[in-house]
Amino acid sequence: MNRDDNAAEIAPSASGWVGRSIARVEDAALLAGRGRFIDDLGVRPGTLEAAILRSPHAHAAIEAIDCRAALTSDGVVALLTGADVKALTSSLVVGVKAAIECWPIAIERVRYVGEPVAVVVAADRYRAEDALDLIEVRYRPLPAVVDPLAAAASDGPVLHPGANSNIVAERSFRYGDPERAFAAAAHRVRVAVRYPRNSCTPIETYGVVAEYDPAADAYDVLANFQGPFSLHPVMARALKVPGNRLRLRTPPDSGGSFGVKQAIFPYIVLIAAAARAAGRPVKWIEDRLEHLCASVSATNRVTTLEAAVGRDGRIAALAFDQLEDCGAYLRAPEPATLYRMHGNLTGAYDIRHVKVRNRIVLTNKTPTGLNRGFGGPQLYYPLERLMQRIAVELKLDPLDVIRRNLVPADAMPYRTATGAQLDSGDFAAALEAAVSAGKLAALEARRDEARAQGKLYGIGFAAVVEPSVSNMGYITAALTAEERRRAGPKNGAQATATVSLDPIGTVSVQVASTPQGQGHRTVLAQVVADAFGLKPQDISVVADVDTAKDGWSIASGNYSSRFAPAVAGAAQIAALRLRERLARVAAAQLNVPPAEIVFAGGRIAARANPDNAVPFSRIAAAGHWAPGTIPAELGQAIRETVFWTPPELTAPNEADEINSSLCHGFIFDFCGVEVDPTSGAVRIDHYVTMHDCGRILHPAMVAGQISGGFAQALGAALYEEYAYAPDGSFLSGTFADYLVPTAMEVPEPVILHHESPSPFTPLGAKGVGEGNCMSTPVCIANAIADALGLVELDLPATPAKLAAHTHEPEPARTRNS
């Protein structure tokens, strides 16, 4: 830490603590090995451990399971198969109207490699694992289908016979007059894309500790679940108990998630059922092999996207055909990945006519769920590839094509054709600032020099909007307007925060944000310290959740980049409301009007006479020690809980328009890459990423979020793919097969900012944690396509894939050769 940073620890800037890169309060414990992750926490005496037997087949009927030897194995207390779990639970709720059931364990049939088949509960994990080897399962293999187009065909094997088809949901949408726009267009440009499966692979895997109380018919579960807590009622219903009899707690620390730990919820149900059967608490910690093959992945999507384009490159209309592969089961909150971006299908562009065909297909692969940027990479890859193809086919500068289509600044807040309300921003100004500060002209000169030397060098661009604070009603766009009317409206994005004062006048904050390493406690301390004129170290923050004691709603949790815009904003509102009460109390003691009260330096003082002051702690403690001094009309001055939801997030309307997120940041990226003509390896020469994420609350953490998202996006672009053989065998089951980039492979991007505070959030902040996962894969792909002159390019852009384009085809071998 340099001298200026040390100064930041002593006193806030004139505008307060928010906006400064103070040291993270979380780091002292984490760097010293004192983090409190789920596997570090003690359990009750007598707690058992579970191990899970998983299917080696992608699709097979379970004809028999012989558990006799396993049940008599040393230390085994209980063993559950599908029939046992079915007797204790109900099918998990499916997000669309379809004749399919979704259990946390295979029932009569397995549908993906790694699907749970049996659970052994024993005195320890070692003996549970040994007992798994004694279980004999007789399978009858069935035809498997892993290609979404083959699964969608009428003659393919059907995973769920009751559904009669692997297409479990289909909807078409029309906005404006796309048919007329296409008929009048000078050009039609089309791209076809297969976006692959990948996952964010957090360093800590799933963990659950579950206990059943037969007297209360209630469950107590500790799990490193991240939310959304809309899955709490899903789990309670599956366990056949009311919501108030499923107590869900999260540990203080979580070793990363990136969306992945949303999908722990079927295992919460499974281990809770095991605890009920065993009559004792049960603990399960997932191992890495289990996590790779059977936890969750992002969806893979087949997209055909066509644009109606004028001669100058202006886009009049878009036509989407999207086939979403959700794996073997449609687990909640899917089809979230397909519909999260529905309101901003037109990205950063001013396009008024859109038509969409959405289909959801099931295949013999791991069920899908949230992954960092969910829905964004799958949308922006075809959209930004299309922008480059427009430039190539019309012989235009790709940057000019982007410029001509951007939403203008004077249109903000801008309502998109599909219903999103882009809240703020000057996209053109941010782009031009990036071009200048990122030295695009120098990069173009370097490209020209490299090409003159015969090198394969290209430049790519991408412009996207990054949505944050999801509208809980966007998933209902998968239903027709009539189906939504019958089900009742769903909308909003409620954030919860409680600010409390204790008897010695110190401040505590509790939020339902379940952080996975992002630094929520630090930022909340900054926000609340500013409200009370204190230092961040004066504020104690609790961010883990206990549904039996804490304020929460179905929108609670850590997903969709909602912390800075929503959760931190709710904390500020709670603190300001409590401050207003304290100001009234202090005003009476200092004999000045409440409007003249200021909070600064740990004191509450009269604005015109700073010597007329009292310590903050004295007034803050008054509600405990002298409640009679609190004016009756104020009620109490001890605690304030805020449930905040923005009015802009309404339910989908009759025209299927949906403001699917509250706020929208802007990202403009460009990069230069060189492709080795011999190996096909890609070297990123220069990468620039410009972000408008509204008001920046903690610059160093924002830089960390951008850098982390960039690293994961680099993996998606060049290395990572959940690969399956034609028979459904999983081919990416270790980190030797599923390649994750290390620090050696990740260059340092140039990070730039252009701040446009959001008018819709309390602090003016927008989300920033997911944007590069949306923009970077296609920016790199566009640069590779520019270098090699490719029309089509599907990710990951591995050396083997690119080498096929840098070498002449090998001559056909003859019998004598």
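User: Where is T201 found, and what makes this residue count as buried?

Analyst: T201 is found in the loop between strand 8 (187-195) and strand 9 (207-213); helices (H or I, at least four residues) and strands (E, at least two) are DSSP runs, numbered from the N terminus. Buried means under 20% relative accessible area, exposed over 50%, and partly exposed in between, with a 1.4 Å probe and protein chains only. The relative accessibility of T201 is 12%, and T201 therefore counts as buried. T201 also has a positive phi of about 45 degrees although it is not a glycine. The model is predicted: local features need pLDDT of at least 70, side-chain atom pairs count only at pLDDT 80 or more, and totals for chains, interfaces and linings use all residues. Residues are numbered from 1 along each chain as its sequence is written, and side-chain values use heavy atoms, with hydrogens and water left out.

User: Why is V469 called buried?

Analyst: The relative accessible area of V469 is 0%, so this residue is buried. V469 lies in strand 18 (residues 456-470) and, although not a glycine, has a positive phi of about 65 degrees.

User: Why are helix 13 and helix 14 called roughly antiparallel?

Analyst: The axes of helix 13 (residues 398-405) and helix 14 (residues 427-437) cross at roughly 155 degrees and come within 10 Å. Axes are lines fitted to C-alpha atoms, for helices over the stretch in contact, and angles run from 0 to 180 degrees between N-to-C directions. Angles under 35 degrees count as roughly parallel, over 145 as roughly antiparallel, 65 to 115 as roughly perpendicular and the rest as oblique. Helix 13 and helix 14 are therefore roughly antiparallel to each other. Contact (heavy atoms within 4.5 Å) is made by L399, I402 and R403 of helix 13 and by L431, E432 and V435 of helix 14.

User: What makes residues of this contact nonpolar, polar or charged?

Analyst: Ala, Val, Leu, Ile, Met, Phe, Trp, Tyr, Cys and Pro count as nonpolar, Asp, Glu, Lys and Arg as charged, and the others, Gly among them, as polar. The contact of helix 13 with helix 14 accordingly divides into four nonpolar, no polar and two charged residues.

User: How do you know that strand 22 pairs with strand 23?

Analyst: Two strands pair if DSSP finds at least two bridges between them. Four bridges join strand 22 (residues 597-600) to strand 23 (residues 603-606), and the two run antiparallel. I597 has A606 as its bridge partner in strand 23, and A600 stands opposite R603. The two strands form a hairpin with two residues between them, and G601 in the turn has a positive phi of about 60 degrees.

User: What makes strand 22 and strand 24 edge strands?

Analyst: Three strands form an open antiparallel sheet in the order 22-23-24. Strand 22 and strand 24 each pair on one side only, as edge strands. Strand 23 and strand 24 (residues 613-615) pair over three bridges, and I604 has V614 as its bridge partner in strand 24.

User: How do you know that the span of helix 21 is close to the expected one?

Analyst: The expected span of a helix is 1.5 Å times one less than its number of residues. Helix 21 (residues 771-788) has 18 residues and reaches 26 Å from its first C-alpha to its last, close to the 26 Å expected. Helix 21 is also mostly covered, with 17 of its 18 residues buried. Just after helix 21, G789 takes a positive phi of about 70 degrees.
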